[in-house]
Amino acid sequence: MKMNKIAASVLGLSLLVPAAGQAQEGPTVNDPAADLRADLDYLLSEHFVLATNAMVKDYMDAPDAEAYNQALDQNAADMTPAIASIYGDEGAAEFERIFRGHNDYTADIVAAAQSGDEEARAAAEDEVEEFVVEFSTFLDTATEGNLPQEAAEEVLRTHEMDVLSFFDSYVAEDYEAAYGTFREGYDRMYDISAALSGAITTQFPDKFSDYKVDSATSDLRSTLNNLAAEHHALAVMGLKSGVDGAPNYDFVTWAEDMHTQDFKAVMASVYGEEGAAAFEDVWTANHIEAEGALVSGYIAEDEEAITAAKAQFETFSTDFGAFLGSATEENLPTADAQAAVWGHEELKLASLDEHIAGDYEASVNTFREGYAYMYGVGESLGNAIVAQNPDMFTNTEMPEEMPNTGMGGSQQESSNMVWVGVSAAASVLAAAFFFLRRKEEQA
């Protein structure tokens, strides 16, 4: 089955057999601690994406609601082998009982919203609170106190409030608030992952040697994964909302625009406003704007417009792959980068086409496949950046300055802004390349 392949490709052996002490030549984003964190990044952030989508689909009685609920349940099941590899079958069974079971509470919240039953809503919230206490206690016990119950309870309760706040805003038709909360809640899952993976590595130092989940290389990989996967999620959510004529469409695309602005702000901190503007032009013209053109084409049933929009994605893949190859000095080869970008575009478009055809199970599975795929993209980009600038990543401390890409541009002295630039370097490095190429073409 496709989804079994997805789980296997993402988890690999990083959780099942931590490879502490394996021979390495120079720094890399692949080490046992970073792999553990990346696996939990994927599973936990995907849980949030699927949970929020499933609730909205249920509330709207959408035809793909069941497909999202099945995916949400499968995401929980996918966590079980990872937990078993660390805490054994008994611990994994208890984890699955608690975590998989809590997905049922979302259905109760939706039913209460549809009926306007305040007592049912209160009862469902009580169930959520019981989960928070029970699961935080489990995590405390399982990690032998390395993730204390109080800390786990606080972060889990905040996560549940993110989900409920998103849903309540959606029901109130305050879509801007809903997708603002979506972005905050999505980002918070990476904090939970960092805390849990950190507790595990502390608990089992022999399995993870001296590797740390908060090393510069691990932070780089996690941040790239965060940005890449969020883009995929918002892009597919937006495309489906658009062709369905859903009332939230403009606000999913607004969230995607805010995501683009995050990239642009990072670029401005490193390459100035001109470089940031150049990146925004490239990123939007044959990519973000092409998504809007594709939706319009489908709504108008204009095959010529649909074909033209899809061609824009191919152009974007070629161009974006080329500048990533150039920016990383071919540490990420241009041909590989182009293929990787196009792989994302293909999965995004396939999920949309399956949705339009009414094959909702296939569409959601492809959505999940594309989401998992972005973690491979983040890993590859991270390794290219580290290979290009090994001196910046030779220890576990965060770099004190941005890598010198050889492309010019000024760097700001703020260490916080510099590290943000390093973390999103896959996009940052691109800005200068396009800016310089545009100037050369105009010369």
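**A buried alanine and its surroundings**

Modeller: A327 is buried, with a relative accessible area of 0% (buried means under 20%, exposed over 50% and partly exposed in between, with a 1.4 Å probe and protein chains only). This is a predicted model, in which local features need pLDDT of at least 70, side-chain atom pairs count only at pLDDT 80 or more, and totals for chains, interfaces and linings use all residues. Residues are numbered from 1 along each chain as its sequence is written, and side-chain values use heavy atoms, with hydrogens and water left out.

A327 belongs to helix α11, residues 303-327 (helices are DSSP runs of H or I, at least four residues, numbered from the N terminus). Although 58 residues separate A327 from I385 in sequence, their C-alpha atoms are 9.3 Å apart in space.

G26 sits in the loop between α1 (2-11) and α2 (32-59), and G26 is partly exposed, its relative accessible area being 44%.

Turning to helix packing, α3 (residues 65-102) and α4 (residues 104-115) pack at an angle of about 20°, with their axes 4 Å apart (axes are lines fitted to C-alpha atoms over the stretch in contact, and angles run from 0 to 180 degrees between N-to-C directions). The two helices are therefore roughly parallel, a term for angles under 35 degrees. R100, G101 and H102 of α3 meet D104, Y105 and T106 of α4, contact meaning heavy atoms within 4.5 Å.

How values were computed: Angles under 35 degrees count as roughly parallel, over 145 as roughly antiparallel, 65 to 115 as roughly perpendicular and the rest as oblique.
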